[in-house]
Amino acid sequence: MKQYIFILFTFLFTITTQAQEIEWLTWSEAIEKVNTDKNPKKLFVDVYTDWCGWCKKMDKDTFNNPKVAKYMQENFYMIKMDAEGKEAIVYKNKTFKYIPQGKRGYHELAAALLQGKLSFPTVIFLNENEEILSPVPGYQKPDGFLMIAKYFGDDIYKDKSWKEYDDSNKS
C-alpha cells in the first residue's frame, strides 16, 4: 500500500511540476510573437549573469513558484537575457552587440534596458509595443514579485501610481 501511495504522490508531483514551468523565449522569439500574435502579451525580460547567485535564487524561488509561473505565462512573453551574452540582438531597428571590457564585458541591449545601471538580477517590464514600462532591480520574493507583475500585467500602472497601489495592498 505504501508503494502505491508513493507512486501516486510521485505522479501528482510530476504533473504539478510540469504545469508550473515557464516557457522562456529568446529576444527574437518574443518580438516575433508580439508582432504576429492576434492578441499580443506584454514582454518581461529577466536580465541575469551566470555568476549571479541572487539571479539563481530568483529562478529557483520566485519564477518556479506555481502562482508566479502561472500568472507570468498567461500575461507575458518571458525572455531570459544574459547581460554578458555575445550574440547580437536587433531591437527597434538597431543592432546591439557585446562590448568586451576587462575580464567580463556586457551586452549593449542589457545596458540600454537597465538604463546604464548594470545590477543583477534586474527584470524589465515592457508593453505590447516594446516600450519599457520599468526596470525592477534586485531579488524579489514570490509574493512581492507577483504584486509588481500584476501592477504592469493588469495595467494598474495606467490608473494608479505605484505608491497608491502599494498602499492599497497593505490595508
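The model is predicted, so to speak of local features a pLDDT of at least 70 is needed, side-chain atom pairs count only at pLDDT 80 or more, and totals for chains, interfaces and linings use all residues. Residues are numbered from 1 along each chain as its sequence is written, and side-chain values use heavy atoms, with hydrogens and water left out.

**The sheet**
- An open sheet of mixed pairing is formed by 5 strands in the order 1-3-2-8-9 (strands are DSSP runs of E, at least two residues, numbered from the N terminus; two strands pair if DSSP finds at least two bridges between them).
- Strand 1 (24-25) and strand 9 (132-137) each have a single partner strand, so one side of each has no neighbour in the sheet.
- Strand 1 runs parallel to strand 3 (residues 76-82), joined by 2 bridges, and Leu 25 stands opposite Ile 79.

**Charged pairs**
- The count comes to 10 salt bridges (a side-chain nitrogen of Lys or Arg within 4 Å of a carboxyl oxygen of Asp or Glu).
- Glu 128 forms one with Lys 42, the closest N and O atoms being 3.3 Å apart; the pair ties together parts that are 86 residues apart in sequence.
- Lys 42 is buried, at 4% relative accessibility, while Glu 128 is partly exposed at 30% (buried is under 20% relative accessible area, exposed over 50%, partly exposed in between, with a 1.4 Å probe and protein chains only).
- Asp 155 also meets Lys 42 in a salt bridge (2.8 Å, N to O).

How values were computed. Helices (H or I, at least four residues) and strands (E, at least two) are DSSP runs, numbered from the N terminus.
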